[in-house]
Amino acid sequence: MAKTYRRGGRRPFKREEDPHRINRRIRAKEVRLVGDDVEDGIYSTAEALEIAKKLGLDLVEIAPNAKPPVCKIIDYSKFKYEQKKKQKELKANAHKVVVKEIRFGPNTSEHDLDFKTRHAQKFLEEGNKVKAYVQFAGRTIVFKDRGREILERFAEAVEEQGKPEGSPKMEGKRMIVMFTPKSIPKKKSTKPKETSKKEQGSASSKSLSSENENQDEEE
């Protein structure tokens, strides 16, 4: 169990534990060894540690529940660094899902339906989910068929941008359908645009031409 420490009056903190057992922390008497520059097979843990030591690397338990546990000889510090780097990249590239709501009534007009559909198409193209629903107020609850028809027409109109997660369903006085975008837009690159040699040459020529014109005017 991780130890906690207290410095002065600060809050205690937990020491980060390695997710893998390495080297002398491996408890099994024998292990199945895999990795580069080693002969795969079952070794005593002492033998596997000796091989890792000769290679200047670490013996890392990668499948503790196997019988015997599977271990790999690697540079563990480098392995942890690469894992953290991958996690950061995944977080950076992860798209934050936002749910946009589109509300209809059982008597929504054709114009209003088209207007809201265009908004929904834009939301889906941006990678957001869309929650489309028909709100039944008072006695309009008897027009469920009309509400279902509106949602079906809406689904047909946005089929290129998104797909429904299921059929329309009632939740209280709402008939709801959730739509998922068919594609998530890629993040725009922030790298500056590289100037081609042709463009550089053209810019240089223009600059020289401008300088010559200025000299002629001075003369």
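S183 lies in the loop that runs between β11 (174-181) and α5 (197-218). The model described here is predicted. In sequence, S183 and G162 are 21 residues apart. In space, their C-alpha atoms are 8.1 Å apart. Once neighbours within four places in sequence are set aside, S183 is in contact with L124 and G127.

The mean pLDDT of the chain is 81. A value of 70 or more is reached by 74% of the residues. Among the elements, strand β8 (residues 129-135) has the highest mean pLDDT, 95. The lowest mean, 49, belongs to α5. Over residues 207-219, pLDDT stays under 50. For that stretch the model has zero contacts beyond four places in sequence.

Two helices, α3 and α4, form a contact. Helix α3 spans residues 110-125, and helix α4 spans residues 144-157. Their axes come within 10 Å and cross at roughly 45 degrees. On the α3 side, the contact involves E110, L113, T117, A120 and Q121. These residues meet I150, R153, F154 and A157 of α4. By type, the residues of this contact divide into five nonpolar, two polar and two charged.

Charged side chains also pair in this model. Side chains of opposite charge can pair when their charged atoms come close. A search of the whole structure finds six salt bridges. One of the salt bridges joins the side chains of E61 and R21, with an N to O distance of 3.0 Å. This pair links distant parts of the chain, as E61 and R21 are 40 residues apart. E61 sits in strand β5 (residues 58-63). R21 sits in the loop between β2 (13-14) and β3 (30-34).

Two details of the backbone complete the description. Most residues other than glycine have a negative phi, and most peptide bonds are trans. N23 has a positive phi, near 50 degrees, and is a residue other than glycine. N23 is placed in the loop between β2 and β3, and R21 is in the loop between β2 and β3 as well. The peptide bond that joins K67 and P68 is cis. Its omega is about -5 degrees. P68 lies in the loop between β5 and β6 (70-74).

Terms used: Residues are numbered from 1 along each chain as its sequence is written. This is a predicted model: local features need pLDDT of at least 70, side-chain atom pairs count only at pLDDT 80 or more; totals for chains, interfaces and linings use all residues. Side-chain values use heavy atoms; hydrogens and water are left out. Helices (H or I, at least four residues) and strands (E, at least two) are DSSP runs, numbered from the N terminus. Contact means heavy atoms within 4.5 Å. Axes are lines fitted to C-alpha atoms, for helices over the stretch in contact, and angles run from 0 to 180 degrees between N-to-C directions. Ala, Val, Leu, Ile, Met, Phe, Trp, Tyr, Cys and Pro count as nonpolar, Asp, Glu, Lys and Arg as charged, and the others, Gly among them, as polar. pLDDT is the predictor's confidence in each residue, from 0 to 100. A salt bridge is a side-chain nitrogen of Lys or Arg within 4 Å of a carboxyl oxygen of Asp or Glu.
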